[in-house]
Amino acid sequence: MRYIFVQGLGQSSSSWKKTISFLGDKEQFSHPDVFQLLNEEKKTYSNLYDAFSDYIEQFSEPVILIGLSLGAILSLNYAIDHPKKVQSLVLIAPQYKMPKSLLKMQNIIFRFMPETPFQKLGSSKNDFIQLTNTMMELNFSKALKGIECNTLVICGKKDIANKRAAKQVAKLIPNGCFQEIEGVGHEINTEAPEKLASILKEFLKK
């Protein structure tokens, strides 16, 4: 079994290191930098998803996908398209129908931010804006009921922007369940890595 941890939009693959440090056999764990998978390709959601799918296909065994935010969207998309490949899903702060107003607000914030934080992630401000623009029309509403694998949906209690959607995802997936984490916001893997690892252990041993 291969466990694949997928980072959020403003994160790097190293954002998972603390969480993984509290888990067991690290030889089974992968946490690719999804943006580096693109190489020189244009940073659109379609290209990112294709690169992510190609990465997973290198593993012959079934996978367990653990994704946060953008990583949760990619993982959800892959599980819909490749149901036989995905053993289990853990979706942290997911969206299933993109909130256009939220994405537009995020892009406005990006425009006023300096270039340096984006460069540290190996990208540019314009790349991030382009990516979020190409996500506006994503809508997995009708496909969620077709996901058969056990799915844990997690959201921080302070993550107001994503909590409603997270609960709805858990409700619409037949074998979905929802768990809220007290005292944390959006980036649970960096805010509460030990607590997250404990929840993952409990879910995955089932």
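**Close-up views of a predicted model**

**View 1. Strand E3 and its two partners.** Strand E1 (residues 2-6) runs parallel to E3, and five bridges join them; two strands count as paired if DSSP finds at least two bridges between them. This is a predicted model, in which local features need pLDDT of at least 70 and side-chain atom pairs count only at pLDDT 80 or more, while totals for chains, interfaces and linings use all residues. Residues are numbered from 1 along each chain as its sequence is written, and side-chain values use heavy atoms, with hydrogens and water left out. Helices (H or I, at least four residues) and strands (E, at least two) are DSSP runs, numbered from the N terminus. Phenylalanine 5 stands opposite isoleucine 66 in E3. E3 also pairs in the parallel sense with strand E4 (residues 86-92), over six bridges. There, glycine 67 stands opposite leucine 91.

**View 2. The cover over strand E3.** Six of the six residues of E3 (residues 63-68) are buried, that is, under 20% relative accessible area, with exposed meaning over 50% and partly exposed in between (1.4 Å probe, protein chains only). Val63, Leu65 and Gly67 point one way, and Ile64, Ile66 and Leu68 the other way.

**View 3. A salt bridge between glutamate 61 and arginine 2.** The two side chains meet at 3.9 Å, N to O; a salt bridge is a side-chain nitrogen of Lys or Arg within 4 Å of a carboxyl oxygen of Asp or Glu. Glutamate 61 lies in the loop between H2 and E3 and arginine 2 in strand E1, so the pair ties together parts that are 59 residues apart in sequence. Arginine 2 is buried, at 16% relative accessible area, whereas glutamate 61 is partly exposed, at 24%.

**View 4. A salt bridge between glutamate 180 and lysine 163.** The closest N and O atoms of this pair are 3.5 Å apart. Glutamate 180 is in strand E6 (residues 176-181) and lysine 163 in helix H7 (residues 160-172), 17 residues apart. Lysine 163 is buried because its relative accessible area is 16%, while glutamate 180, at 28%, is partly exposed.

**View 5. A salt bridge between lysine 205 and glutamate 202.** Here the closest N and O atoms are 3.3 Å apart. Lysine 205 is exposed, with a relative accessible area of 63%, and glutamate 202 is partly exposed, with 39%. A search of the whole structure finds five salt bridges.
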